[in-house]
Amino acid sequence: MTTYVLVHGSWHDGSAWRAVVSRLEQLGHAAHAPTLAGHGKGVGRAVDHNDCVRSAVDFIVDRDLTEIVLVGHSFAGTVIARVAEEIPERLRRLVFWNAFVPEPGSSLLDECPPHYREMFHELAAASDDNTITLPFPVWRDAFIQDATPETARATYQQLSPEPFQPLVDRLDLRRFYESTLPKSYLNCTEDLALPPGEWGWHPRKSSRLGTYRLVEMVGSHEVIFTGPRRLADKIATAGRD
């Protein structure tokens, strides 16, 4: 049995992993899906990146979880990298699923193509609480293009505004890049959330991990909704010893 802690990306909360958790449990594993600080419905969003990291660390420590395969999706790549700096003794492997792997001293926003940086700044400035509400056309065409129209609409209703500050906080990450923890990169080959090529997920982000296991699967950035059983199976492959 492997213990998985699954960390969600932007606009999500831990409930997005529900079907993946169920499948991992069917495979004989233990799986946990915390919600990061400032995320989910009806919560305060005045958080920074350290708050997000601390909430993940506290979740793990409070439950005395050890020998963890820590999985991060998208934005959560930055979170699991920082968690690995804080409690490496509790971790067995890191799995980055189409996740950001920022260079030392950069922010997540630095890793986004210019059109996203401009859009996110504008959306945050137009909000009352420094958050970003993802426009539905971006969700439909770039994030979940493999879904039916009905599924795209239903899943969009599950999203929440994303706190902007964690995306602009600069991350030191020197300890992460010195870490010898085993790492995997899970790449969905139809993921368009970052445009393929210069700004794409793989190999631009994945290559920064040094030696790592590459696992690939068909699917969009949100295969968590469109193919959760397949995703769980690939996470199990990425997380094995």
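**Entry 1: a charged cluster**

I started with the charges and found Arg 82, Glu 85, Glu 86 and Arg 175 linked in a network of salt bridges. For a salt bridge I want a side-chain nitrogen of Lys or Arg within 4 Å of a carboxyl oxygen of Asp or Glu. Side chains of opposite charge can pair when their charged atoms come close. By this rule I get 12 salt bridges.

A note on what I'm looking at: this is a predicted model, where local features need pLDDT of at least 70 and side-chain atom pairs count only at pLDDT 80 or more, while totals for chains, interfaces and linings use all residues. I number residues from 1 along each chain as its sequence is written, and side-chain values use heavy atoms, with hydrogens and water left out.

**Entry 2: Arg 82**

I looked up where Arg 82 sits, and the place is helix α3. My helices are DSSP runs of H or I with at least four residues, my strands are E runs of at least two, and both are numbered from the N terminus. Arg 82 and Glu 85 meet in a salt bridge, 3.0 Å from N to O. They are three residues apart in α3, so about one helical turn separates them.

Is Arg 82 buried or exposed? I call a residue buried under 20% relative accessible area, exposed over 50%, and partly exposed in between (1.4 Å probe, protein chains only). Arg 82 has 13%, so I wrote down buried. Glu 85 is buried as well, at 9%.

I also noted a polar contact of 2.8 Å between the side chains of Arg 82 and Glu 86. That term takes a pair of N or O atoms within 3.5 Å; within protein, one must be able to donate a hydrogen and the other to accept it, and residues adjacent in sequence count only if both atoms are side-chain atoms.

Then I listed contacts, meaning heavy atoms within 4.5 Å. Leaving out residues up to four places away in sequence, Arg 82 touches His 49, Asn 50, Val 53, Leu 173 and Arg 175.

**Entry 3: the rest of α3**

**Entry 4: strand β4**

I followed the chain on to β4, where seven of seven residues are buried. Strand β3 (residues 68-73) runs parallel to β4, and six bridges join them. I count two strands as paired if DSSP finds at least two bridges between them. One pair I picked out is Ile 68 with its bridge partner Leu 91 in β4. The chain gets from β3 to β4 through α3 (residues 76-86), and I logged this β-α-β crossover as right-handed. That word applies if, with the strands pointing away from the viewer, the path from the first strand over the helix to the second runs clockwise.

β4 also pairs with β7 (residues 183-188), again parallel, through four bridges. There I saw Phe 96 opposite Tyr 185 in β7.

**Entry 5: Glu 111 and Lys 205**

I moved on to Glu 111, in the loop between β4 (91-97) and α4 (114-126). Which residue forms a salt bridge with Glu 111? Lys 205 does, with the closest N and O atoms 3.3 Å apart. Lys 205 lies in the loop between β7 and β8 (213-217), so the pair ties together parts that are 94 residues apart in sequence. Lys 205 is buried at 0%, and Glu 111 is buried at 3%.

I found that the Glu 111 side chain reaches the backbone nitrogen of Glu 103 at 3.4 Å. Beyond neighbours within four places in sequence, Glu 111 is in contact with residues including Phe 100, Pro 102, Trp 199 and Arg 208.

Asp 58 is partly exposed at 31%, and so is Arg 54 at 41%.

**Entry 6: the nonpolar core**

Last, I turned to the largest nonpolar core, which has 82 residues; Trp 17, Leu 70 and Leu 231 touch the most other members. A core here is a set of buried Ala, Val, Leu, Ile, Met, Phe, Trp, Tyr and Cys residues joined through side-chain atoms within 4.5 Å. I listed the contacts of Leu 231, not counting residues up to four places away in sequence, and they include Trp 17, Trp 97, Leu 186 and Met 217.
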